[in-house]
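Good morning, colleagues. Please look at the sequence and the structure on the screen, and I shall then go through salt bridges, sheets and helix contacts in turn.

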Amino acid sequence: MNAPTTSPADTPTPVPTAPGARPLIGHGHRLARDPLPFITSLREHGGVVRIRIGPTPAYVVTDPALTRRVLVTDAADFTKGGRIIDALRVFFGDGLATVADGDTHLRNRRLMQPMFNKAHIAERGDAMIEQVRTLVAAWPGERPRDVYADMNAITLAAFLVALFGADLPGHLAGEFTALMPAIMEGTIRQTILPGWVTRLPLPMNRSHAARVARLRALIDQAIDHHGTAGATAGCPHASATRADEKPGLFATLLAAEDSLGRQQLQDEAITLLTGAIETTGTTLAWTLYELTRNPGIERRLREELESVCGDRPLRYDDLDRLPYSRRVLQEAIRKYGPAWMVTRTAARDVDLGGHRIPRGADVVWSPYLHQHDPDRFPDPDAFDPDRWTPERAPAGRDSFLAFGDGRRKCIGENFAWAELQIILATVLRTWPRFELTSRPPRAQAVVTVKPDTMTMVFLA
């Protein structure tokens with residue numbers, strides 16, 4: 001009997017390799033020096049492109065249809081993992097964003113899902129608005145401010161109110177905000193340097209480990225404080241104010257501490273708070289920058305707010321009546337990321353787009369790359385909120401992957417939209433004018449795509 005033949009169409013073709021790799025570091029110099037131009041340039045080489053991160057090969061998926069296979073259709077073949085996830089796991093632990101696929105992920109997601117349904121978020125909405133309004137109104141006018149730092153601080157403060165309640169000690173929020181930039185920079189450094197470098201007892205590695213340990217200690221204090229406050233609130237001798245205050249979202253997880261354990265509670269809190277700062281704060285900073293460059297867009301936002309709120313303060317139930325605000329924020333997310341490189345691990349030898357991906361290989365996908373695809377988003381570097389009108393949005397919907405997709409899609413998406421709209425509306429309602437005082441910022445790819453500098457003056 002003749003051996004079966006394999007047709008050319010069934011034979012996987014070699015994966016094209018991106019040019020410019022160097023000995024030992026591979027494409028690490030490009031990822032460190034000009035990551036965003038590099039990652040978007042890979043589209044020119046095919047739907048799947050091989051790069052090297054240090055000595056390790058990785059397969060970058062540039063075709064959004066293939067990325068959907070990785071995240072949704074064939075998700076079982078591409079499990080949570082890879083260099084970025086491994087580096088994030090150092091300080092996330094096994095939080096929902098980094099825990100491996102399987103029963104633990106499914107159980108924890110089911111436990112946390114009620115925290116992020118719209119009704120539960122709405123219960124904390126007005127408390128968040130009040131916290132944001134207090135902070136934004138306290139800015140001294142006519143004095144340049146670091147907008148990126150301000151947006152991170154406000155998003156964290158608002159999320160802490162929602163997560164733990166309104167009485168969390170201020171030093172916890174302040175220290176967390178101070179720690180996060182250095183931790184995130186250390187994390188991205190670990191993803192692009194060879195593993196043996198990150199394991200050496202170098203000062204940068206020791207400092208990173210110390211910051212992660214301090215972060216965990218702070219989260220533990222926040223959990224203990226919330227648990228104590230919750231017990232006090234249930235005490236018959238508690239004050240009326242404390243007894244009537246709605247519990248923070250984290251009460252859902254505290255009730256399940258026996259199921260999760262203290263270590264898992266820490267991991268989930270760190271995951272949630274990190275996401276609240278890095279993605280939301282970055283998006284808001286870029287949004288305000290684009291408004292300084294596009295006065296017509298700012299005017300339309302203010303007119304929409306005026307038509308909905310009139311002379312009264314913003315209320316949580318106003319958010320659904322601010323569609324243009326939502327489109328402006330969605331365009332900021334599209335243009336600036338927020339994530340620019342995410343990894344999975346091939347669970348077996350698998351064919352993807354006609355290419356063989358070996359078992360155990362890192363598979364990389366990039367929301368930033370897809371959201372700058374000129375075939376889906378004409379003139380992708382332009383800031384155009386009307387891309388997201390009902391008539392135009394379907395053309396780019398399959399390439400908008402800022403919140404991921406499939407069973408690992410961001411659990412906090414509803415919360416993120418609410419927080420983004422609250423903070424943007426509050427800044428606009430509080431300050432009639434704001435102007436950029438620094439040079440135009442350049443995009444820096446750390447974990448999110450952040451501005452390298454951005455100062456503004458706010459004017460009454």
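A search of the whole structure finds 27 salt bridges, where a salt bridge is a side-chain nitrogen of Lys or Arg within 4 Å of a carboxyl oxygen of Asp or Glu. The model is a predicted one, in which local features need pLDDT of at least 70 and side-chain atom pairs count only at pLDDT 80 or more, while totals for chains, interfaces and linings use all residues. Residues are numbered from 1 along each chain as its sequence is written, and side-chain values use heavy atoms, with hydrogens and water left out.

One of the salt bridges joins Arg214 and Glu175, whose closest N and O atoms are 2.7 Å apart. Arg214 belongs to helix α10 (residues 203–233) and Glu175 to helix α8 (residues 170–192), so this pair ties together parts that are 39 residues apart in sequence. Helices (H or I, at least four residues) and strands (E, at least two) are DSSP runs, numbered from the N terminus.

I turn to the sheets. Five strands form an open sheet in the order β1-β2-β8-β5-β3, with mixed pairing; two strands pair if DSSP finds at least two bridges between them. Its edge strands are β1 (48–53) and β3 (78–80), each of which pairs on one side only. On average, and ignoring direction, neighbouring strands of this sheet are turned by 40 degrees against each other. Axes here are lines fitted to C-alpha atoms, for helices over the stretch in contact, and angles run from 0 to 180 degrees between N-to-C directions.

How many bridges pair β1 with β2? There are six, and the two strands, β2 being residues 56–61, run in the antiparallel sense. Within β2, Pro57 is the bridge partner of Arg52, and Tyr59 is that of Arg50. The hairpin of β1 and β2 has two residues between the strands, and Gly54 takes a positive phi near 65 degrees there.

Two bridges join β4 to β12 (residues 455–459), and Arg145 has Met456 as its bridge partner in β12.

Finally, the helix contacts. The axes of α7 (residues 147–164) and α19 (residues 413–430) come within 11 Å and cross at roughly 125 degrees. That makes α7 oblique to α19, on a scale where angles under 35 degrees count as roughly parallel, over 145 as roughly antiparallel, 65 to 115 as roughly perpendicular and the rest as oblique. Residues in contact, meaning heavy atoms within 4.5 Å, include Met151, Ile154 and Phe159 of α7 and Phe415, Ile423 and Val427 of α19.

Is α15 (residues 295–309) parallel or perpendicular to α19? The axes of α15 and α19 come within 10 Å and cross at roughly 90 degrees, and the two helices are therefore roughly perpendicular to each other. Among the residues making this contact are Glu298, Arg302 and Glu306 of α15, together with Leu424, Leu428 and Arg429 of α19.
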